[in-house]
Amino acid sequence: MRLTTKGRFAVTAMIDLALRETHGPVTLAGISQRQKISLSYLEQLFGKLRRFNIVESTRGPGGGYTLARKSNEISVADIIVAVDEPLDATQCGGKGNCHSDEENHGRCMTHDLWSNLNSKMVEYLSSVTLRDLVIQQEGRGIVIQDMRQKKVKTESVKAEKVAPARAVKKEPAPKAPLINSVFNLARQS
């Protein structure tokens, strides 16, 4: 089996999303920055994940991605299959035509070994859910801070500081006449 960066990055990005989605949609730019994955690569992966109904997108300010299903309903196998990652350890792609000669019936001597490995891999990856991986990360002490909450708190603190200043209304001071003003000249005549 060859699990390429496509499958690894997709699973990593999905864990990041699942960890943070309780605070609202998660941006790909944020995932890209935290996980050191190219933004354009994430856009490709999330397009595929969206087509497989694994994630949903929200457009506009405050937009981003959320899970389309509960994290305990999404398996690692679902994610890997969605991004077109083959889970195949056989040389022939599971077709059984490892050798072209009829004497060996087209299969190599280890075909069944690798086919069975494929079955075990799919079975294992199907048994591991996104929720399992999130719990594993939380157990490692990963702390998720909601940056949006900080912005809201900052704005409300600013509003409190500005409000008392508005409450005390001062009488506007009379404006001093402008000496060179055309209006002053007209008044003087």
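Trainee: Where is L117 placed?

Mentor: L117 lies in helix α5, residues 111–127. Helices are DSSP runs of H or I with at least four residues, strands are E runs of at least two, and both are numbered from the N terminus. A word on the model: it is predicted, so local features need pLDDT of at least 70 and side-chain atom pairs count only at pLDDT 80 or more, while totals for chains, interfaces and linings use all residues. Residues are numbered from 1 along each chain as its sequence is written, and side-chain values use heavy atoms, with hydrogens and water left out.

Trainee: Why does L117 count as partly exposed?

Mentor: Buried means under 20% relative accessible area, exposed over 50%, and partly exposed in between (1.4 Å probe, protein chains only). L117 counts as partly exposed because its relative accessibility is 33%.

Trainee: How should I read helix α1, and what covers its buried residues?

Mentor: Expected span is 1.5 Å times one less than the number of residues. Helix α1 (residues 5–20) has 16 residues and reaches 22 Å from first C-alpha to last, close to the 22 Å expected. Its buried residues include G7, A10, V11 and M14. Their cover includes α2 (28–35), α3 (39–51), β1 (55–58), β2 (64–67), α4 (76–82) and α6 (130–139).

Trainee: In what sense do β1 and β2 pair?

Mentor: Two strands pair if DSSP finds at least two bridges between them. β1 and β2 are antiparallel, with 4 bridges. V55 stands opposite L67 in β2, and S57 has Y65 as its bridge partner there. Their hairpin has 5 residues between the strands, where G60 takes a positive phi near 90°.

Trainee: How many helices and strands does the chain have?

Mentor: The chain has 8 helices and 2 strands, in the order α-α-α-β-β-α-α-α-α-α from the N terminus. Of its 189 residues, 33% count as buried.

Terms used: Contact means heavy atoms within 4.5 Å.
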